[in-house]
Amino acid sequence: MINREERARSLLEFDLQYLSDGTVIAGMDEVGRGPLAGNVVTACVVMPEEPLIRWIDDSKKLSETRREEVFREITACALQIGTGEVSPGEIDEINILQATKKAMRLAAGKVSADVFLIDAVKDLGLNGREVPIIKGDATSYCIAAASIIAKVTRDRQMAEADRLYPQYGFARNKGYGTKEHIEALKKYGPCPLHRKTFIRNFI
């Protein structure tokens with residue numbers, strides 16, 4: 001059984017190695033590079049050392065209910081939060097990597113920080129030091145916080161999309177290429193939220 005407090009503390013201690021007098025550290029992550037539909041969403045978050053939020057971790061390791069709870073805790077105590085997103089149409093135009101970088105620049109532009117700890121992506125041209133970290137959402141406290149903000153933000157968008165286009169099961173699959181989703185694509189064709197460059201093998 002994971003000791004949540006020890007786990008969160010270890011993530012925070014990773015971040016603190018980048019801290020010096022007056023340094024502001026932000027964590028950044030994206031959600032939605034792989035789905036067939038919906039935006040790519042990023043978050044950039046500056047967290048305080050206290051209070052420690054016990055359940056901060058890689059968003060993929062938390063249940064949907066738990067993510068919603070931690071999302072509320074993060075938004076209540078974060079020092080700064082910026083989000084960015086790029087639409088399916090623009091993803092088709094500039095490709096998913098460039099769309100992810102654009103969304104990250106948009107999120108970072110809403111935050112004032114000296115050091116940006118970024119999950120895997122590099123060379124963003126931000127106004128500060130960039131530190132790309134492989135599996136950063138499972139390593140860094142502020143990147144994990146950003147992963148939760150981005151994930152919940154995008155999941156809520158897909159729940160809203162499900163009300164507009166219920167035939168695709170977006171509330172369940174979040175736009176990812178599940179069997180149900182692909183079968184619906186073949187039956188109904190794409191909707192405006194689909195990424196044309198991602199679905200051409202399915203229709």
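Before you click anything, one cut-off: buried means under 20% relative accessible area, exposed means over 50%, and partly exposed is whatever falls in between, with a 1.4 Å probe and protein chains only. Residues are numbered from 1 along each chain as its sequence is written. This is a predicted model, so local features need pLDDT of at least 70 and side-chain atom pairs count only at pLDDT 80 or more, while totals for chains, interfaces and linings use all residues; side-chain values use heavy atoms, with hydrogens and water left out.

**Stop 1: an aromatic pair**

Select Y168 and F170; both are buried. Their rings form a stacked pair, 5.3 Å centre to centre with 20 degrees between the planes. Here rings of Phe, Tyr and Trp (its six-membered ring) pair if their centres lie within 6.5 Å, and planes under 30 degrees apart count as stacked, over 60 as edge-to-face and the rest as tilted. How many aromatic pairs does the structure hold? Two.

**Stop 2: helix α7**

Now pick H181, in helix α7 (residues 179–188). Helices (H or I, at least four residues) and strands (E, at least two) are DSSP runs, numbered from the N terminus. Is H181 buried or exposed? H181 counts as buried because its relative accessibility is 0%. Leaving out residues up to four places away in sequence, H181 touches L36, A37, Y168, F170, N173, G175, Y176 and H194, where contact means heavy atoms within 4.5 Å.

L185 also has its place in α7. L185 is buried too, with a relative accessible area of 1%. Beyond neighbours within four places in sequence, its contacts include L36, Y168, H194 and F202.

**Stop 3**

Move to A171 in helix α6 (residues 170–173). A171 counts as partly exposed because its relative accessibility is 32%. Not counting residues up to four places away in sequence, A171 touches M158 and D162. R156 is 15 residues from A171 in sequence and 8.5 Å away in space, C-alpha to C-alpha.

Stay on R156: it lies over the face of F71, at 4.4 Å from the ring centre. Then jump to R66, whose charged end sits over the ring of W55, 3.7 Å from its centre. The test is that NZ of Lys or CZ of Arg is within 6 Å of the ring centre and within 35 degrees of the ring normal.

**Stop 4: the sheet**

Switch to cartoon. Five strands form an open sheet in the order β3-β2-β1-β4-β5, with mixed pairing; two strands pair if DSSP finds at least two bridges between them. β3 (80–86) and β5 stand at the edges with a single partner strand each, so one side of each has no neighbour in the sheet. β2 and β3 run antiparallel over seven bridges; select T42 and you'll find its bridge partner in β3, G84.

**Stop 5: the core**

Finish with the largest nonpolar core, which has 33 residues; V45, M47, I53, I56, I74, L117 and Y141 touch the most other members. Such a core is a set of buried Ala, Val, Leu, Ile, Met, Phe, Trp, Tyr and Cys residues joined through side-chain atoms within 4.5 Å. Which helix gives the most to this core? α5, with 10 residues.
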